[in-house]
Amino acid sequence: MTLICVPIFVNDPESALADATEARDRGADLVEFRIDGFYSGRDDENEVPAVLRLVARCPLPCIVTCRPVLEGGQYDGPDDARVSLYERLGTAQTAAGVEHPPTYLDVELATYARSENIRQKINLAVDHPGQVRDVSTGLVLSSHDFQTRPEDLFRRINRMVAEPACRVAKVAYRARSLRDNLELLDILAEARAAGKAMIALGMGPYGVPSRVLAPKFEAFLTFATLRAEAATAPGQPTIDELLQLYRFRSIGPSTRVYGVIGHPVEHSISPAVHNAGFEAVGHDGVYLFLPIQPEFEQFKATLLSLIDHPSFDLCGCSVTIPHKEHLLRLALEQYEEGDGRWHTDNLARVCGAANTLVIRRDRSGRAERIDVLNTDGPAAAAALELALGDLRSHRVVVLGAGGTARAVAASVLERGGQVVIINRTPDRAARLADELRAHFAPAASLLTAPLSDLPDLRPNAVFNCTAVGMTGGPGPGQSPVPDELLGALPRHSVIADSVYSPLTTPLLASARQISLQTIDGLALFVGQAALQFQAWTDRPAPRGLFTQVAREILESRAAQAGQ
Ligand code: NAP
C-alpha cells in the first residue's frame, strides 16, 4: 500500500505536534518532520532534546529530515552537528530513554556520499543487513532538483538502490512537462520489480500525476500537505484533495487514467465532477488535471507519449482551450499517416475542433482504438430538445461565431432545426454560415442576421455562444441581448446561455424577470461531461450528482469572489 505522508515544517514543536495529530485525523499514514527551520546545529543542549521529545510524542510514524540549503532546505549549520543528531535520533531508545526513535531518517545522497566518516556514522544509527546494534530506524536516501531533471538521474538512482543501508530511495525533480511523469512512473515500476521501496515525484504543476498515481505504480509513499500554503515542495496536493477529490485509497495497478487537457487548466471543475461520477458508479478510474503547453507540437508529443505508454493506461480526456483544434488536427494527421486506430466523429470534422478523446485498450494495455468526438454540440441540442421537443420544427438563434457557436449550430442543423447566426462581426457570421452550408445543404435553414432583427425572427430559442456576461470575460455584468430586444421576443422563446460563471448570467436574469424559460451554462457543461462519461465507462452518467458537484464549486467560488 502506498502511504500518505504529510510534511510538517517545524518552527515550534508544539504546533508541529498539533499538525501531526490533525494529519492523523485527516487520514495520513505518517508525517515528515522537516526540522531544518528549527534545528540550527548550534544549540544542541536545547534543540536535540526538543527534537527527541517531538519524535517520541508523535501520534504517527515519522520521518525526520534536516534538509540543507543545497538541496532546497533551510539548514545551514555544520554537517557534523546534523549527522550527530541523526545518530542520537536513531539510537534514541538507549541514548535518551525515549520510546520511539523515528521510523525513518531522510538523508540526501549527496550528504551520504560525501565521506566514509558520514556514511559510517549514519549507518550506525539505522537498521540495515550489516547492523549489529538494536536500532529500528530506516534510512531514506534522497535526491532533489528544484530546477529541472538532473542529467545524472539514473546514476543517482543506481547509487541509492545499490546502497545496502538504504531502505527507501527517493528522487524528486521539477517536471518540465507531463512526459516527465512517465519516466518517474517507470522508475517506480523498475524499483518495484527489483524489490526496492521507492519514491519518485515530479515537482511543480506538471508533476502532479506522479504524486496522485503513486499507488498505481506501487510507490512507497506520496506527500500531501495539511493546508495548501504548507507545501514543502511545489505541486504537493492537500491531503483532502488526495483523499476526496482523487479517491487516493481506491487507486491501484489496474486503475484507468483520465483527465482534462488544456492550458491553463487548474480552474477546471471537470476533475471534481468525473471523479465523483467514477465513485458513484464504481468505475476503477481517476481523473487528473493534465496541463500541456499551448503549442501544437507540445500537445502532439505529450499526448502521443501518454497514449502509447504501456502502463499509464490513459483511457480518456476532456480537451479544452487551446487544444480543441489541436486534437482534431492530430487525429486527422495520424489517420492520414496510416495510423488506423484514430477515428473522428462527423461533428468534430465539421467544427474543426473536438473536446473528447476515448481510448480503448486491448488486454495487453495497447491502445487499439482512439475516438475523437465533439460533445459540446450534442449536449446543447439535447438541452434544447428537452425544452422544445423535436428540433425539426424550430428556429434557433445562435449568438456568436466562434467554436461553441459552430458546434451548437451544426448540432441543431444535424437534427433538422433552422439556425440564424448573429455575431458582432457580421463577416465572421457569414463565413461560418457558408462553411456550415457546405455540410448541411439545403441552405434555406441557415441564415445570418443583425442583432436588431432578433424579435422579427420569432425564434423558439436564443443560444448565447459568446463569452459576454462571463466573470472575467468581455463585458462582465452585461447581456449580449439588450433588454428591449429580449422583451420583444415571443413568450414561448427559450433563452440558453453557454456561460456558467456566473451561474445566473445577466442574460438569464433578464429572461427570468420576464418569465421566459431558460437553460443555464451548467446544463450544457453537465450535458457534455455526461456524454464523455458514458463514452469512457459505457455507463450512463449520474447527471444529478454532476450538477450538484459543479454547482457547489461554482457557488463557493462566487462566494469567495464576493459575487
Ligand atoms: P470564441 O471561439 O472565442 O468565440 C467568441 C465569440 O464571442 C465570437 O463570436 C465573438 O465575436 C463573440 N464576442 C466576444 N466578445 C464579444 C462582445 N464583447 N460582444 C459581442 N460578442 C462578443 O469562444 P468559444 O470557445 O466559442 O466560447 C464561447 C463561450 O462558450 C465561452 O464563454 C465559453 O466559456 C462557453 N462554453 C461553455 C461550455 C459549457 O460547457 N457550458 C462549453 C464550451 C464553451 P467576434 O467574432 O465579433 O469576435
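Into which domains is the chain divided?

1. The model under discussion is predicted. Its chain is divided into domain 1, covering residues 3-253, domain 2, made up of 261-374 together with 527-560, and domain 3, covering 387-519.

2. As to overall make-up, the chain contains 22 helices and 20 strands. The C-alpha trace spans about 90 × 55 × 35 Å along its principal axes. Of the 563 residues, 57% count as buried. Among contacts between residues at least 6 apart in sequence, 73% join residues at least 24 apart.

3. Nine residues from domain 2 and 10 residues from domain 3 take part in the contact. The area buried between the two is about 790 Å², and carbon and sulfur atoms give 72% of that area. On the domain 2 side, Leu347, Val350 and Leu554 lose the most area to domain 3, together 59% of what that side buries. The count of salt bridges between domain 2 and domain 3 is zero.

4. Aromatic pairs come next; the count comes to eight. One of them is formed by Tyr258 and Trp536, a tilted pair with 5.3 Å from centre to centre and 40° between the planes. Tyr258 belongs to strand S9 (residues 256-262) and Trp536 to helix H21 (residues 521-537), so the pair links distant parts of the chain, 278 residues apart. Tyr258 is buried, with a relative accessible area of 0%, and Trp536 also counts as buried, at 5%.

5. Trp536 has a further partner in Tyr287: the ring centres are 5.9 Å apart and the planes stand at 45°, so this pair is tilted. Here strand S10 (residues 285-291), which holds Tyr287, is linked with helix H21, and the two residues are 249 apart in the chain. Tyr287 counts as buried at 0% relative accessibility. One aromatic cluster is formed by Tyr258, Phe278, Tyr287, Phe533, Trp536 and Phe546.

6. The charged end of Arg329 sits over the ring of Phe296, 3.6 Å from the ring centre.

7. How many salt bridges does the count come to? The count comes to 36. In one of them Glu108 pairs with Arg82, the closest N and O atoms being 3.0 Å apart. Glu108 lies in strand S4 (residues 104-108) and Arg82 in helix H3 (residues 79-90), 26 residues apart. Glu108 is buried, with a relative accessible area of 0%, and Arg82 is buried at 0% as well.

8. Arg149 and Glu183 meet in a salt bridge at 2.8 Å, N to O. Because Arg149 lies in the loop between strand S5 (138-145) and helix H7 (153-162) while Glu183 lies in helix H8 (residues 179-193), the pair ties together parts that are 34 residues apart in sequence.

9. Are the partners Glu385 and Arg415 buried or partly exposed? Their salt bridge has its closest N and O atoms 3.5 Å apart, and it links helix H15 (residues 376-388) with the loop between helix H16 (403-414) and strand S16 (418-422). Glu385 counts as partly exposed at 29% relative accessibility, and Arg415 counts as partly exposed at 26%.

10. Finally, salt bridges that share partners join Arg67, Asp79, Arg82, Asp106, Glu108 and Arg114 into one network.

Note on methods
Residues numbered from 1 in each chain as written. Predicted model: local features only at pLDDT ≥ 70, side-chain atom pairs only at ≥ 80, totals over all residues. Heavy atoms only, no water. Phe/Tyr/Trp six-rings, centres within 6.5 Å; stacked < 30°, edge-to-face > 60°. Helix = DSSP H or I, 4+ residues; strand = E, 2+ residues; numbered from the N terminus. Buried < 20%, exposed > 50% of the residue type's maximum accessible area, 1.4 Å probe, protein only. Lys NZ or Arg CZ within 6 Å of the ring centre and 35° of its normal. Domains from an automatic or database assignment. Contact = heavy atoms within 4.5 Å. Buried area = accessible area lost by both parts, 1.4 Å probe. Salt bridge = Lys/Arg side-chain N within 4 Å of Asp/Glu carboxyl O.
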